[in-house]
Structure formats: structure tokens, C-alpha cells
Amino acid sequence: MKKLIMICALTLAAGSLAACSSDNGAASGGANTGTEASPSAETPADDGAEHLEIALMMPQYAEIGPDNDSELVQRLNEELNVTLDLQWTPGASYNDKISVLAASNSLPDVYRVTTQDYMQWRDKGVFLDVKPLLGDYPNLTEQLPEEAWQELNDNDHYYGLPYYSIPHLFSLAIRQDWLDNLGLEMPQTVDEFYAVAKAFVTDDPDGNGRADTTGFSIIVNDSGRFENAEYLQGAFGLGNEWALQDGELVAMQAQTEELKAFIGFLRTAYEEGVLDPNFLVMKPADARNKLWNGQVGIQRVNANEVLRLDEPNVQKNVPEAELVQLDPPAGPTGIRALQTDGMGQTKVVINAKIDPVKQQRILKLLDYMLSEEGYDLIKHGVEGVDYEQTADGAYRKLETKNAGNLLSINFFRRADNGIQLHKYSDPAYVEAVEQWLSNNGKYDWPNPGLGLAVETEAYQSANFATLNTKWMSAMVKVITGEAPLEEIDSAVSAWLAGGGEQLTAEVNEIYDARQ
């Protein structure tokens with residue numbers, strides 16, 4: 001019965017969200033007419049005199065964020081003349097909760113949404129178009145790059161504010177002690193990478209006398225895409241979802257020659273035992289465990305976690321183990337690439353149905369959060385509560401039940417690659433992580449068609465989940481030797497015929513219109 005209720009709620013949400021409004025907004029004078037209530041010449045400017053209640057919703061994961069009675073929230077309340085109602089929601093059920101609130105006409109005043117929900121409801125009058133208003137909120141445009149605003153939006157509207165994501169978060173790490181044990185140099189090209197990975201399989205890099213190590217791992221995910229293989233995909237010329245060739249966008253699934261080079265490399269690695277033979281059932285947690293357990297010496301890692309979690313866990317078994325950053329190997333044409341993600345694919349949205357004065361106050365709140373004073377508060381917390389300054393001028397984190405930095409981590413922040421680095425973090429650790437992140441930025445793997453596919457009719461009409469899974473099934477058969485390399489030609493043709501050709505044409509139309 002519970003499952004049936006949830007399904008009904010989600011169904012209602014999809015059809016009725018455009019008519020939804022926040023109960024808080026209605027109570028404070030917001031329109032409930034299904035038309036967007038945005039500040040205009042007839043709308044009085046918010047002078048900050050009226051005390052307003054603002055409902056703010058965001059996901060919560062392991063840590064507990066500041067509650068409504070916390071010192072941090074009280075400072076925000078005083079600064080903006082508001083009473084904030086922070087609605088922390090378990091991350092695993094957050095998206096479902098948004099849909100249920102939509103179905104019951106009780107969406108909060110400001111909240112985070114995923115790419116899928118944003119694109120489903122963007123043009124239905126649900127979210128406030130903030131682009132005409134940004135001139136009054138300079139921190140929002142100064143501290144968030146224009147590219148992040150443009151993601152998932154057309155040239156004339158910004159229906160959400162970007163929740164900034166670090167585009168080059170993931171690095172390659174390699175066991176330096178294994179290189180030293182085997183007398184190997186750091187690999188620079190894909191051929192050298194392969195030679196090192198093969199030596200990690202055949203030459204007993206951990207010195208235990210057993211053949212229990214593998215070269216490298218990749219992941220085939222449920223959506224028909226590769227993970228942990230971005231550096232190799234880029235090296236062989238494949239696009240990061242889309243490649244720009246002679247002024248036209250080409251889908252990665254249709255890059256026949258580049259696919260043959262990449263898949264051929266993996267096929268050889270599989271035949272020779274260099275590619276983890278269990279790659280088909282590999283999950284991200286499995287790949288990480290293999291690194292921690294000393295079964296693999298090359299792995300994709302999160303730059304914010306490699307020195308804090310990965311290396312210490314490897315050292316539990318091998319105290320002298322050392323993980324160092326590996327530059328992505330150069331491909332046949334010299335390309336080096338690392339996983340590169342969008343900066344604004346997740347959005348913070350303002351309810352379009354609430355009172356325009358409240359909408360302005362929310363923008364003032366968000367603008368303050370990115371100011372020098374406000375960002376210091378939401379990133380580090382309250383001095384004396386979340387951290388303290390010691391006699392030598394350094395800072396020390398205090399033990400608290402509620403993590404004062406979670407508003408910046410889980411809700412809204414500047415374009416800050418050091419989002420998880422704080423004034424109370426160890427300076428040597430900060431320097432090391434900043435170096436990893438800085439180095440990652442050298443190896444951008446651009447996606448010129450980022451976010452465009454979900455705007456097309458082809459994306460809505462064709463079942464790309466099934467299409468991509470079938471395409472990946474063919475790739476896997478070639479990798480494992482069940483099918484010849486020529487099977488890639490057939491897979492590309494099938495993908496294009498199944499909807500990929502129409503998708504490509506429509507994506508190019510949108511791309512050209514926005515240049």
C-alpha cells in the first residue's frame with residue numbers, strides 16, 4: 001500500500017506541478033493562480049522592513065546540519081530579517097519528497113532540484129526566472145561563473161541558480177611504492193600506462209609471492225556508460241558525451257573509429273589479464289575496496305578524499321604504501337583527459353508562486369551567502385561554536401552535533417574548488433589537496449553539448465536507457481572477445497537508427513541557436 005501511495009503521488013506530481021505553490025507563500029500573500037509571481041514595475045521593491053518566514057529545503061546525508069535554533073541560523077535570521085525554516089531531508093528519499101510535496105501543493109520557498117526534475121518542470125511556471133533580477137545581487141554573478149548559469153538554460157532565462165559542482169574533482173592515483181618495488185617510471189603515454197599496468201599484474205608489485213593483483217579497473221554502469229575509464233576515453237579521442245568535429249556535435253556512441261581504438265585497447269587488456277576480469281560486475285565501492293585492499297595499483301579517486309580516506313586505508317595493510325597523483329596518459333594524438341563534469345547541473349530554485357517580495361528576500365539571502373561575511377559563515381560555521389582560534393593564531397575544529405558547514409556543502413556555495421577545505425583544516429593537507437585539484441584542471445575533457453539532449457523531442461520519444469544498454473552490450477562483447485571488432489560498426493548503426501540520429505540533429509539545432 002505504501003508503495004502504491006508513492007507511485008500515485010509521483011504520477012500526480014508529474015501532471016500537476018505547474019499548479020503548485022508553497023503553503024507558506026500563500027499564507028504570506030503569494031499568488032496561487034498558476035501564473036508566475038515575479039517582481040515587476042508594479043511590485044514594490046523589498047526594503048527589508050517586513051519580517052518574513054522562508055522555508056528552505058535541502059538533502060542531508062551522514063552529517064547533521066544546523067537546526068533552526070542554531071547560532072548560525074539565528075545570525076542569518078538577524079542579517080536578513082527573516083525566520084528560516086530549514087527542512088533537512090534524508091538524501092536517499094529527497095527526490096521522492098519533492099515530488100510528494102509537489103502533488104500536495106506544498107513545495108517550499110527555495111530548494112534544490114536534480115537535473116531531471118529541473119528539466120521536467122523548468123518551462124511550466126514552477127520556478128522563478130531569476131535572470132532579469134540578477135543586476136541587484138552582485139555576489140551571485142561575481143561568485144558563480146556564467147557557464148554554470150547557462151547550463152540547462154536558454155539564452156533568455158535562468159529558472160534556477162547553479163549549485164556549483166567542481167568540474168575536475170576526480171584524479172588518477174597510482175601506488176608509488178609499487179612503481180619503486182618494480183623499478184618503474186611514472187607512465188606518460190597510454191602505451192607506457194599499459195606496460196606499467198601489466199607489470200602490476202605479472203611482476204608481483206606487493207612482493208607477497210602471489211598472483212593477486214590487477215592492472216586497472218573500469219565500470220559499466222546501469223545506464224550504459226563507462227566509469228573509471230574517462231581518462232582512456234578522452235585519450236583515444238572520444239567525446240565527453242559529445243564531441244565537436246568540423247563544427248558539428250557527434251555523440252560518443254557514434255564515434256566509430258575512436259571507439260575501435262578505445263575498445264580495442266580494452267580488449268587487449270582483457271585478453272592479457274591487465275583489465276580487471278570482474279569489470280562487468282564492478283561497482284564504485286568495489287573498485288575503491290580493491291584499492292584499499294591492495295588488489296589494484298591504479299585507480300580513479302576523489303581529490304578531496306584520497307589523502308583523507310584512500311591512502312590511510314591502504315596503509316592499514318601496508319604502512320609504507322604511498323598514493324601519488326598520476327597525470328592522465330597521453331593518447332595517440334597527445335590528448336590527456338580527466339573526468340570533467342558540469343558546474344551547474346543541479347539547481348537551487350525559488351518557488352514562482354510565492355509573493356514577489358519574498359522572492360526578492362530569498363535572492364538577498366542567497367546573495368548574502370556568497371558575500372565575504374556570509375560565505376565565511378556558511379562554509380566554516382560560527383566561531384566559538386564550530387571552531388575556535390588558538391593562541392598561536394591557528395584554528396581548531398570543535399566537536400559539535402550539528403555540522404555548521406553543511407549549508408555550503410549541501411545547499412548553496414560559491415564556485416569554490418576548496419569547498420571541503422576549511423580554516424581549521426591542517427595547512428599541509430589543504431596545500432596537498434589544492435595541488436591535486438589544480439593539477440586536475442589541466443586536463444579538461446569538454447562536453448560542448450552538455451545538457452542539451454534532455455531538451456530534445458528525441459530524448460522524450462526514444463527509450464535511450466534501453467538504446468544505450470544495447471549499445472554497451474555490444475561493446476562488452478567486443479571487449480571480452482565474444483564478438484569481433486567490426487561489431488562496433490553494427491552497434492553504432494543500431495544506436496543511430498534507434499533514435500540517436502534524430503537526437504544528434506536536434507542537439508545540433510539547439511547548439512547552433514545558442515552560439
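Tutor: A salt bridge is a side-chain nitrogen of Lys or Arg within 4 Å of a carboxyl oxygen of Asp or Glu. This is a predicted model, where local features need pLDDT of at least 70, side-chain atom pairs count only at pLDDT 80 or more, and totals for chains, interfaces and linings use all residues. Residues are numbered from 1 along each chain as its sequence is written, and side-chain values use heavy atoms, with hydrogens and water left out.

Student: How many salt bridges does a search of the whole structure find?

Tutor: The search gives 22. Take R361 and D46, whose side chains meet at 2.6 Å, N to O. R361 sits in helix α14 (residues 356-369), and D46 in the loop between α2 (23-27) and β1 (52-60), 315 residues apart. Helices (H or I, at least four residues) and strands (E, at least two) are DSSP runs, numbered from the N terminus.

Student: Is R361 buried or exposed?

Tutor: Buried means under 20% relative accessible area, exposed over 50%, partly exposed in between (1.4 Å probe, protein chains only). R361 has 1% relative accessibility, so it counts as buried. D46, at 9%, is buried too.

Student: Which residue forms a salt bridge with D109?

Tutor: K358, with the closest N and O atoms 3.3 Å apart. D109 lies in the loop between α4 (94-103) and β3 (110-113), K358 in helix α14, 249 residues apart. Both D109 and K358 are buried.

Student: And where does K260 lie?

Tutor: K260 bridges to D489, closest N and O atoms 2.9 Å apart. K260 is in helix α11 (residues 256-271) and D489 in helix α20 (residues 487-513), so the pair ties together parts 229 residues apart in sequence. D489 is partly exposed, at 31% relative accessibility. Bridges can also share partners: R122, D123, E455 and R514 are joined into one network that way.

Student: What forms a negative surface patch?

Tutor: Patches are made of residues with over 30% relative accessible area and no salt bridge; like charges are joined within 9 Å, nonpolar side chains (Val, Leu, Ile, Met, Phe, Trp, Tyr) within 5 Å. Here D246, E248, E509 and D512 form a negative one. D246 is in the loop between β8 (242-245) and β9 (248-251). D246 is exposed, with a relative accessible area of 83%.

Notes
Areas by Shrake-Rupley, 256 points an atom, 1.4 Å probe, with all protein chains shown as cover. Lys, Arg positive; Asp, Glu negative; His and termini not counted. Charge placed at Lys NZ, Arg CZ, Asp CG, Glu CD.
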